[in-house]
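Welcome to this guided tour. Open your viewer, get your selection tool ready, and follow along stop by stop.

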Amino acid sequence: MLKKTDAANIPVELIGSSPVRPDGVPKVTGMAQYGADYALPGMLWGKVLRSPHAHARVASIDTSRAQALPGVKAVMTAADMPDQDFTYQGPERVQVNFWHMTRSVMAREKVLFAGHPVAAVAATTEAIAREALGLIEVKYEVLPHVIDVDQAMQGDAPLLFEDMITRGNEQAKPSNVSRLKTFQAGDLEAGFAKADEIVELSFKTEPVHQGYIEPHAALARWGADGQSEVWSSSQGHFVVRAFTAQLLGLNVSDVVVHPAEIGGGFGGKTLVYLEPLALTLSKLTGYPVKMVMTREEVFEATGPTSGSSMTVKMGVTRDGTIVAADGTFKLQAGAFPGSPVLNAAMCAFSVYEIENARAVAYDVVSNRPKAVAYRAPGSPIAAFAVESVVDELARRIGMDPIDLRLKNAVGPGSSTIWGPKHAHGGYRETLEALKNHPAYQQPLGPNQGRGVASGFWFNGGGESAATIHVAEDGSIALATGSMDVGGSRASMALMAAETLGVPYASVRSTVSDTASIGYNHVTGGSRVTYATGMAVVQACQKVIDDLRSRAAMIWDIDVDHVVWDDGAAKPVSAEVGDFAPLTLKEIAAKRAVTGGPIVAEVAINAGGQAPGFSSQFCDVEVDPETGAVKVLRYVAAQDVGRAIHRRYVEGQIEGGVAQGIGWALNETYIYNDKGHLENAGFLDYRVPVASDLPMIEALIVEVANPNHPFGVKGVGEVNIVPVMAAMANAIRDATDVRLTALPMSPPAVLAALEDSGANARMNEAVSA
Amino acid sequence: MPESVFEPGQGVVKVTLAGAFEPLTTEPQTFDLAVSNVRGVLRELDARVPGLAALLEEESAVAIDGVIHEIIYTQPLAPGTEVYFIPRLESG
């Protein structure tokens with residue numbers, strides 16, 4: 001049962017501070033164990049043979065020559081894993097179509113993208129495994145392929161699944177459109193009829209990779225007794241367990257997954273790629289098998305988020321009221337259905353109170369890796385289009401872009417196109433924080449521009465478990481099953497220490513394996529500080545109740561006469577008796593005689609999460625000679641509910657903005673006419689480096705969520721949502737040219753400037 | 001499951017399927033239901049559209065007076081509450 005709290009007014013000592021992170025020293029000293037760092041005696045190396053074709057039928061696979069190579073212990077194909085029914089299966093909240101997933105992990109009838117796994121080898125060394133891949137003979141019947149989302153929707157496009165009927169348009173003939181869904185409120189025609197100004201623009205965005213530094217890695221050991229173990233870095237080892245068990249036909253509890261330290265995920269490590277293959281190879285050989293992707297494999301076969309094609313039309317009256325909005329969002333799902341297009345459609349207009357609005361969502365397959373979640377999946381893509389159009393509306397009516405947003409800002413009770421009314425505030429406060437920032441009024445120089453944009457993200461709740469053990473010396477062992485991707489061990493320790501009234505340093509915060517704690521859903525959706533934090537606080541409260549009972553036992557008084565205050569049990573009043581406070585340490589020392597171990601575990605399915613809002617502005621300077629965009633300043637205001645570890649919160653905001661700047665300015669996949677990726681490495685797929693980035697100023701806005709004991713909403717994702725639009729709007733401000741495609745790389749910007757003649761005008765401005 | 005979960009409700013809540021949940025529903029629908037918790041809503045909807053409860057459990061989240069929750073049977077619903085089933089969200 002959800003309990004409302006007066007979270008905004010709860011006095012705290014530790015919450016909001018920035019103590020040393022538990023994982024800091026191991027990471028900076030190289031002692032942290034990432035996925036690729038694990039090894040077992042007798043371990044073999046696994047390597048994957050990948051398709052050279054973007055689309056082809058697999059006619060035959062001959063592994064005999066590879067099998068015969070000395071040092072090779074096994075060669076597997078999809079035939080070594082059970083096929084799956086075409087149904088959505090699994091525990092309720094992780095239901096997926098395993099028919100698709102098993103084919104994504106290893107191709108069966110067809111390969112659907114260049115890099116698609118077709119076989120795998122286990123050998124005594126990496127070199128032998130690599131050599132064996134070249135001895136596997138695969139005969140393909142090459143088929144036409146399609147990469148672009150608009151081309152994939154054409155009537156004559158090659159079909160990835162010849163029998164796929166669009167869900168939501170069942171009358172249509174088979175196509176690459178797997179889903180069509182419309183969200184609508186009000187009367188669009190009547191709304192646009194009221195508008196004084198209407199802007200309609202079309203947009204294209206490229207898929208971008210999550211760009212985590214650590215490649216995927218897995219070590220698996222098949223047990224002769226059927227008890228298997230996996231070590232891998234992921235955003236959710238319970239989901240790795242569920243997916244791996246289902247794909248291999250195992251009992252879920254017969255697989256134990258140990259969480260490795262993770263070197264970045266950003267949504268991209270919520271699936272399995274290597275784990276089922278490594279475990280199958282281990283089963284075939286009887287030895288542990290380790291598999292580590294190369295960077296090239298990461299780019300060719302994992303992630304990215306969707307590319308898109310979008311059209312957005314919005315109307316505004318002279319007084320700044322947005323009266324109508326209409327958007328069509330077509331998102332690439334990659335080789336298998338399931339882009340985040342519903343998120344995109346639902347988030348698109350969610351910061352605005354618009355009476356008449358519609359969002360139409362298309363989920364489209366094409367010959368590239370299956371799209372995977374990336375930081376507020378779908379929302380940044382839609383925001384690039386919507387916030388660009390809003391910027392044009394502000395220009396048309398001569399209104400400050402923050403004022404236009406304030407005039408139409410949602411708050412509690414505002415309607416949405418997806419049904420319910422907003423229940424939480426926070427958006428308006430981010431806009432006010434931005435507008436009050438002194439730099440917002442600072443003048444700009446030649447060829448410089450300022451852009452504003454906002455974003456919405458739902459944030460998450462869901463299933464989490466936490467355990468608190470009080471040791472005999474009064475120190476606290478805190479365990480959860482939530483992978484620490486962005487600092488959750490520190491924030492969990494802070495919430496536990498605050499609740500128990502003990503020093504932060506006395507709490508040892510860890511992440512347990514799947515056999516040692518209850519189910520935790522993935523670390524994603526900005527859910528962990530909220531949901532797992534709620535479980536931690538409730539576990540601490542159970543421990544406090546236990547400690548009060550033990551103090552009552554020691555004092556021979558009723559437990560109702562004992563309160564917990566400042567880390568100690570105290571009599572509720574002097575009338576109860578003259579007892580000196582019993583600290584947690586003192587009670588723990590009497591653990592045995594008062595009943596044994598002091599332990600509490602809480603497992604919850606947390607609801608009541610509150611959405612995140614972010615509003616941002618940036619200043620850029622555009623070089624008319626090269627088209628290069630330099631980011632001069634970036635200010636990001638975000639409502640986080642309440643910051644638990646302040647420095648980590650700032651880091652999340654800075655990280656989201658940095659990734660968004662890369663998405664905006666440089667990141668893109670370059671496919672040749674054969675559907676091969678030509679820039680599968682960080683030299684050619686250009687993520688921003690420190691010298692590309694300005695000082696990113698994080699403005700933490702705290703409008704508490706009353707459903708969380710400390711007011712948490714979530715912080716990890718909404719910060720990336722406005723970035724691409726803010727950058728486009730700043731470039732528009734600097735150049736008078738509206739860019740509608742990402743990335744806004746120097747060649748793209750220069751071409752747009754030359755096409756419009758803007759660069760000549762800008763050169764004159766520099767000369768003057 | 002405690003028996004009390006299946007108790008009929010004391011008041012009417014307004015339940016909306018926001019958009020279609022294909023293939024069982026093809027357009028938004030609203031129901032006034034006398035229930036006291038989410039399990040009651042699912043039971044009543046399933047009686048009207050067989051199979052809908054399982055589909056909603058698999059594919060939707062629920063907004064109760066605007067606050068989004070995972071679907072949990074025991075979530076209480078006061079009389080006059082607005083309940084929306086919305087598509088389940090993907091997280092990153």
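Two residues are in contact if their C-beta atoms, placed from the backbone, lie within 7 Å. This is a predicted model, in which local features need pLDDT of at least 70 and side-chain atom pairs count only at pLDDT 80 or more, while totals for chains, interfaces and linings use all residues. Residues are numbered from 1 along each chain as its sequence is written, and chains are lettered from A and ligands numbered from 1 in the order in which they are written.

**Stop 1: where the chains touch**

Show both chains. Their contact takes 36 residues from chain A and 24 residues from chain B. Helices (H or I, at least four residues) and strands (E, at least two) are DSSP runs, numbered from the N terminus. On chain B, select helix H2 (52-59), strand S4 (67-69) and strand S5 (82-87): each supplies at least two residues of the side that touches chain A. Which element gives the largest share of that side? S5(B) does, with four residues.

Now colour by class: Ala, Val, Leu, Ile, Met, Phe, Trp, Tyr, Cys and Pro count as nonpolar, Asp, Glu, Lys and Arg as charged, and the others, Gly among them, as polar. The side of chain B that touches chain A has ten nonpolar, seven polar and seven charged residues.

**Stop 2: chain B**

Chain B has two helices and five strands, and along the sequence they follow the pattern β-β-α-α-β-β-β. A residue is buried if 20 or more other C-beta atoms, placed from the backbone, lie within 10 Å of its own, exposed if 12 or fewer, and partly exposed in between. In chain B, 41% of the 92 residues are buried.

Next, select helix H1 (residues 38-48) of chain B together with H2(B). Their axes come within 7 Å and cross at roughly 130 degrees; axes are lines fitted to C-alpha atoms, for helices over the stretch in contact, and angles run from 0 to 180 degrees between N-to-C directions. That makes H1(B) oblique to H2(B): angles under 35 degrees count as roughly parallel, over 145 as roughly antiparallel, 65 to 115 as roughly perpendicular and the rest as oblique. Zoom in to find Leu42(B), Arg43(B), Leu45(B) and Asp46(B) of H1(B) meeting Leu52(B), Ala53(B) and Leu56(B) of H2(B).

**Stop 3: chain A**

Bring chain A back. You can count 20 helices and 28 strands there. Its C-alpha atoms fill a box of roughly 85 × 75 × 55 Å along the principal axes. Of the 768 residues in chain A, 58% are buried.

**Stop 4: a sheet in chain A**

Select S22, S23 and S24 of chain A. They form an open sheet of three strands in the order S22-S23-S24, with antiparallel pairing; two strands pair if DSSP finds at least two bridges between them. Strand S22 (562-565) and strand S24 (582-583) of chain A stand at the edges with a single partner strand each, so one side of each has no neighbour in the sheet. Four bridges join S22(A) to strand S23 (residues 568-571) of chain A. Look for Trp564(A), which stands opposite Ala569(A) in S23(A).

**Stop 5**

Select Glu432(A), which lies in helix H13 (residues 427-435) of chain A.
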